[in-house]
Each structure stands twice: as structure tokens, then as C-alpha cells.
Amino acid sequence: ALLTIFVVRLMGPVEYGKFSLILQLGVTSGLFLSWGGSGLLAKYIPEQMTAALKSRFASHAVEVSLLSCLALMGLFLACAVLFPSIIPEEIRSVRYLFVLFVTLVALFNVLQGIFRGLGWFVKWSVLEGGNDFAARVTGLLALAYFGYRYDAVFVSFVAVLAVLVVYAWSQVKEYIRLTDLKAEPEVVRFALLMLAAAVIFMVGTSADAVLLRGLLKEPREVGFYFAGVRIPQIFQSLLLAPLSIPFVYYFTHPDTSHTREQVLKLGTKLMGVVCGVGALALLSLSRYIIPILYGVSYERSIDVLRIYSLVIFLMGLQALFSPFILAINKFHHQVLLGAVSVGLLLIMDLIFIPRWGAPGAAAANVAMLIIQTGFYLYLFWRNNVEIVKLCLVMMLAVGAGVVVDIFWIPLMAVPVFAGVVLALRLFSMSEISKMREVFFTRSAV
């Protein structure tokens, strides 16, 4: 996280905007071209009883991914020659390197699935962590040696990823060979489902960057946006994901089906309070955080951070919704909601970005998540899950903190939120004791 902050500060908004656009599109395109290989292989390889069958699944995924990358390579390079104006200059100038990066990302995701399918979780975690660290270190060295240019950092990221992919390939090469590309119908259906999820993810995560660059014709706005959202994203990765893991386990465990709603309610309270405090702290301190971390050139990112910080609260509030819906066999609602949410995000981006630029993209994400939360609560209400009132009260408490901080007394968002939570007694000692019992008492069954 600290190395990323140094990279952002040194590059400046314009160069960082160019780099962010390339990186975002490259990563999401690679994920799309892997055909959900990470999840697909992690699911099916362990089910195969022989090394030959494991090899067949791994080889299929590699072949399909490489063929897809080859097709994209031809299409992209043809567009770069025939219709150069539709491709941003920062991508067109490194088009061959960009195609290589997309291919490496696709292979990265497939190899991740092979490693996990073979049970090599720790080994892959070490490789992945080493790749992230080495990419940022070499990026800083590139900035120091070649100057503050986005293409120098991009070259270093591609080089490090290439080394990782080559090494990972060498570890599983005995499982990869030519096949007839035939697959069982069940596997094809699952792959298509993963592909659909990848498309939703690709559109949802890339819409802001693409529309900022396309509508405003200014890479600086992309830099302001990604600098502002980087801090909440770091917060989410360090706090939100680890907190949700125990709850996911209990939703899926057969011995705890009678306590699912209790766990959902208590867990949502915990996540809402913790993430609400974190979000409001970032909102209040954004005017100080951005200049200290990034410098005065990123002053426009202050509004981005102030708005996008609320994403932490909304994501925290929703953290347990998806596994609970899966546990009550309503997954089709989850897929539909994902597609609708992406559509809403695109509509609001088209409305907000031309008016407000980078802060508008942040506002579009917050508005989409508020509407998405409303859909979740409606689904819970239809299924008689008593959590709607709790979530509405938590959102009201956060809203009160935001209003007081922005329109009345600065730096008072967290105290106001805490005061509302305490006044309404959202957390009682008996509930804390119940939560401790759920997580630390073994089932008698």
C-alpha cells in the first residue's frame, strides 16, 4: 500500500491517469479472456481422480484462453490501424505491450486456477504477493531512472508479471499439453456462467475509467479518480475481506442453518458499525489525507475520497448479503441484481461524469450501491428476513454524520454516527455475548 502511494505521488495526475486506464483495462480484459479459469479450475480439478484428467482440464483452459487472446490481438491491432481515434493515445502508443499484458493477465488467472485446483494455495499466495511487491518496487525504480512517465512504470509491471507467469508455468508444465478442445456440457455451462460474471465485473470495474477518459478527453481526471478511490480500496482489502470470512463459513455450514438469520443480523451490525466509522473518518479527514499522501497536485481527489469513502460503509453493510442469499437458494436473484447494478452504474456515470468529472464517477458508485442495497432489503423483506429496519437505521446514522460534517461542524461525522448508534442501542451486551457464542462455541452435534 505504501509503495502504491509513492508511485501515485511521483507520477502526478496526468501520468498516473494514463497508467491507471491502461492497467484497469488490461486487468479486466485479461480476466474476461481467461473465461473464469481461476474459479473453473479450482472447482473441477480436485474432482478429477487421475493426473490425466487433471491435465485435460488444465490444458483446455490454457488453450481456450490463448486462442481468445490471439483473436483479441488481431481485432485490437486492426482497430488501432483502421480506427485509431477510438483508442486513447496512451494505449495506442504501447499497443503491442498492452496486448502482451492482457495475455499475461489471462494466463495468470488460468494458472491461479491450476495451482488452487492442485491444492497449492500457499505457494500461489507467495507468488502473487511477490508479484505485487516486485511490480511496485521496479515501478519506483523505473520512475527514478526514466523520469515520471507512465510507460516506464507499465513496462516494469509487464516484465515482472512475465517472470511470474513463466515461473508458474514451469511448475505446472507437466499438466499442460495439446488436446481436442472437447469439454463436457456441465463444464461448458459453468464456464459460460463464469464468463457472464466476468463480463459484468469487467463492465462494472472499467466503466468509470473508460467514461472519464472518453467523455472528458482528459487523462488527468482518471488520475484524480483513481488516486481518490485507492485509499478506500486499501481499507476494504485490509479490513472488509478478513472480517467477512468467519460469517461466510457459518452461512455455508450445515450445522448452523438454524442460526443463519441471527448471524446475518449480528454480523451486519458489526460490519456496519466498523465500516461506518472507517468511512466517516476518511470523509472527515480527506482534506488532510490527500495533500499529505499525494501532494497538492491531487487537490481535486479530495472530493473523490470524500464521496467514495461511503462505498466502504455500503460494501460493509452488504458484505454478508451475498453468502446469505446463496444459502437460501436465491442465487439467480444475485446474478440479476449484478446485471441491473452495472446498468445503473453506466447510466449514472453518463449523467454525473460530464457534470462533475472524477467526483461524479465516485458519486455514481455511491448512488448505485444505495439503490443496490434497497433491492437487497426488498428481497429480504419478501423472504421475511428481519434485517430491513436495522439497515435503514444504520444508513440514517451514517447520513446524519455526513450532513453534520459537510454542512455544519467539520470533523464531527464519527462522533455523530457513534452517538446515534449508542442512543438507539443498536449493540447490546446480550447480542455481543450471542455473537461470541456463535463463533467460539463448538456445535454439540
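The model is a predicted one, where local features need pLDDT of at least 70 and side-chain atom pairs count only at pLDDT 80 or more, while totals for chains, interfaces and linings use all residues. Residues are numbered from 1 along each chain as its sequence is written, and side-chain values use heavy atoms, with hydrogens and water left out.

As for the overall build, the chain has 17 helices and 0 strands (DSSP runs numbered from the N terminus, with H or I of at least four residues for helices and E of at least two for strands). Of the 445 residues, 49% are buried (under 20% relative accessible area; over 50% is exposed and in between is partly exposed, using a 1.4 Å probe and protein chains only). Take the contacts (heavy atoms within 4.5 Å) between residues at least 6 apart in sequence: 81% of them join residues at least 24 apart.

Now for two helix pairs. Helix 3 (residues 51-82) and helix 5 (residues 95-117) have axes that come within 10 Å and cross at roughly 165 degrees (axes are lines fitted to C-alpha atoms, for helices over the stretch in contact, with angles from 0 to 180 degrees between N-to-C directions). That makes the two roughly antiparallel (over 145 degrees; under 35 is roughly parallel, 65 to 115 roughly perpendicular and the rest oblique). Residues making this contact include Leu66 and Phe76 of helix 3, and Val102 and Ile114 of helix 5. By class, the contact has 18 nonpolar, 2 polar and 1 charged residues (Ala, Val, Leu, Ile, Met, Phe, Trp, Tyr, Cys and Pro are nonpolar, Asp, Glu, Lys and Arg charged, and the others, Gly among them, polar).

Helix 11 (residues 301-318) packs with helix 14 at about 20 degrees, their axes 8 Å apart, so the pair is roughly parallel. Among the residues that meet here are Ile307 and Leu314 in helix 11, and Val366 and Tyr376 in helix 14. This contact has 16 nonpolar, 4 polar and 1 charged residues.

Lys217 lies between helix 8 and helix 9 and is exposed at 61% relative accessible area. Asn384, between helix 14 and helix 15, is also exposed, at 63%.
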